[in-house]
Amino acid sequence: MKVDSNVTNRFAKTAVTSKVKNLAKTAQEATFSVVLPETAYITGFVMEIGGKSYEAYVKEKEEAKQIYTEAIGRGQAAAHVEANARDSNRFTVSVNVEPQSKAIFTLTYEELLQRQNEQYEVVINIHPGQPVKDLNVEVNINESRPLKFVRSPALRSGNEISKNDEDLSPQAEINVINSTSATVKFSPDIERQKQLASGLGTKEENGLAGQFVVQYDVERDPHGGEVLVKDGYFVHFFAPSDLTPLPKQVVFVLDTSGSMDGNRIRQLKEAMNSILPELKKEDIFNIVEFSSTVRVWDIENVEVEYEFGDDPWSTYRNPETPPKNKTNQVLPPAVEASEANIEKAKEVVEKLNAYGGTDIKSALEVGLKLVKKNKEEKNDTHQPIIVFLTDGEPTVGETVPDKIISSIVEINSGANRSPIFSLSFGDGADRDFLQKISLKNLGFARHIYEAADASLQLQEFYLQISSPLLSDVSFKYVSNVTKLTKTQFPIFFRGSELVIAGRVPTDEDFAPPTIYGRGFHGPIELFPKIVNPVGELERLWAYLTVKQILEARDAAENKTQYTKKALDIALKYSFVTPVSSLVVVKPNDTSAVDTQDASKSADNPYFLNRSGPVLSLASPLAPVPQYAGFSALNKVSYNRPASGFAYTSQDEDESEDLAPETFITGGFVDLSTTVNPTTATQESDLYDDIKAKLPWLKDILTENGTLTSPPGKKCVNNACISSKQSFSGDYHLSLDAAIANQPECSETPTNSTAGICTLLPKCPQVFSHLTDVQVFEKYFCPLDTYVGICCPVTDATSP
């Protein structure tokens, strides 16, 4: 397994190459799986099998669905060994590999690195599923500006925030070539892979499963940033550092509904007790809790000052906070973040109790009223920020998401709009709904994974928004600049970066822009420097453009226009996005492949990789068929073959692989089960699937899916013999017909050894050998009234 990541101008292009060999005496299925960052787009995939290359291509998602030829599969499934990572996607594809043959897989993906906490991170997910004799990861950094630092911290599991554990040090080789270039190499041998696997909490025999990380930052202009210009494209990186942070008003709007009870409310309290001391003394803040009612706390007196809504759960309330008399209620003011008020706020947090429903609309309305009150009554210049956390969906008051969003957008309008940063806590929260709320209200959404480190995740999020440096930031370019990405930003935070890209007729025509914003001392103007880039800029522009179009699409009511724009760019630059799919060409097979959310557990029965494509549950355009038998998948036992696939050396043609018994097929575990389609639609899909793979079948296949009077073999007394005469009667194609007896047969399409008569769809490994009717005639065998084929004996076809 080899990973090469090349970073130029903060844009990373990564290629993952895996080379495997089938050590078995029969053809087996190799599964190639890569976990990649959620922000990355797949841009290429190539398989080399038997010396022949098969290259994938990008198509519009609906068109790719039409190409999708594995709607039913052959009744086998492959379940992933744990290969999960937060904020990541999983790409998986499977292919048959002949005995003693090799297969080489190469996946490429691209991403613009996001600067957070004053650094960039290149995150390489390593999940081969077994120890690998030749494992090499290399990250090459070539920047336009001098490097401030380059480091490789301890490996991460990808599913928790971990400390820099010395036992998990990658012991990477860091070579600083010059002031702007460096190379980082990670090449653990098998023994070290096992040690790291153990340290990351996985079984040694499953190999290394974690994230190799390279962190770096560049020296930059402290004011207007740097503009890179080349070949008619420009990219502007803006990250001023020597500005005084703006004072801010933080309104914490916290879900304390019944579903937050237990571990969640405890972790929320832990996080708030760490976040509150991070407020600066010039800041002001409010605490709002909501469930069936919305309550605003008077922090200085440690009591509820304002309550909105009827509380049917009052009997569960903390007796120290009795129901509020709602007559002549007045919203309490924001309080200064003094040491005394911070301690009182911690007392408030300790009193939070989880019960009741979830009134999201009222909670956000009250939060916005607190911002408005501070602006109007004090003519205040604090930058407002609403931190909104919930673990569920609206259940009280207005419960229609679109109506809630419309109402909040209407209230949060005008010159004093407040950014709303939404935090979805756990799997019960409606992440799409919260994302839309934030996108339409100047903020962004983050997901807090429900795990032991949830409070640390909340603290890390707050750190990202804790120091606003500028508000109302706008970039003004000259008129000959076209195809601009987003140029207006409501707020800029310390440690992050704004990136703008566009086109210009010629490099000589480009004129530096002016950046306008409001800083600590009022309005400000900044001017960038022009810097020569390293490499091309066109794909970086395309990436940023399609990413922002898709964000606008997520927030839009009518998505048609955005979909078309995003699709045009995705197809031109071969980006696999939510509007495009990867069409994988395999031997005698073409499949549409989408990625999966890799933060989910691989034990989930929906994470099923049938004989070809992976379906994305996140995409409404690629629903998972609800076949009978899916619900039982998590009950099927793992079946580890006696021999499987070994990763082979990149530098060797002849294998010196480890013993077969040390490996799991394709780096993953096989699940064998039968999928039973029951509807007429599924049967129709089956016929289309088989006809697509065996085009000559149309000559002998009727519209209702039967073969009429086919030639073949006669099966008597559990054995099949050749027969040159046709049978009379009809034979049906079926995937899951109940066959009482599968007779042996003397010759299979793959070799001259004996086989077992098997339902045709359940023996796809012979499809490449069934080139015409005459060949099919030779190996056909009837199974009662169903179409059979003499199939090589494997774990899948054994009676």
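In this predicted model, Lys 373 sits in helix 5, which runs over residues 360-378. With a relative accessible area of 16%, Lys 373 falls under the 20% cut-off and so counts as buried. Leaving aside residues up to four places away in sequence, Lys 373 touches Val 330, Leu 331, Pro 332, Pro 333 and Lys 378. The side chain of Lys 373 also gets to the backbone oxygen of Leu 331, at 3.3 Å. Ala 334 is 39 residues from Lys 373 in sequence, yet their C-alpha atoms are 9.1 Å apart in space.

Further along come the disulfides, and the count is three. Cys 745 pairs with Cys 790, with 2.0 Å between the sulfur atoms. This pair links distant parts of the chain, 45 residues apart: Cys 745 belongs to strand 41 (residues 744-745) and Cys 790 to strand 44 (residues 786-792). The S-S torsion here is about 100°, so the disulfide is right-handed. Cys 745 is buried at 3% relative accessible area, and Cys 790 is buried at 0%.

Cys 757 and Cys 781 make another disulfide, again with sulfur atoms 2.0 Å apart. Because Cys 757 is in strand 42 (residues 755-759) and Cys 781 in strand 43 (residues 780-783), the pair ties together parts 24 residues apart in sequence. This link is right-handed too, with 110° about the S-S bond.

Cys 763 is joined to Cys 791, S to S 2.0 Å. The torsion is about 90°, so this disulfide is right-handed. Cys 763 is buried, at 0% relative accessible area, and Cys 791 is likewise buried at 0%.

Note on methods
Residues are numbered from 1 along each chain as its sequence is written. This is a predicted model: local features need pLDDT of at least 70, side-chain atom pairs count only at pLDDT 80 or more; totals for chains, interfaces and linings use all residues. Side-chain values use heavy atoms; hydrogens and water are left out. Helices (H or I, at least four residues) and strands (E, at least two) are DSSP runs, numbered from the N terminus. Buried means under 20% relative accessible area, exposed over 50%, partly exposed in between (1.4 Å probe, protein chains only). Contact means heavy atoms within 4.5 Å. A polar contact is a pair of N or O atoms within 3.5 Å; within protein, one must be able to donate a hydrogen and the other to accept it, and residues adjacent in sequence count only if both atoms are side-chain atoms. A disulfide is a pair of cysteine sulfur atoms within 2.5 Å.
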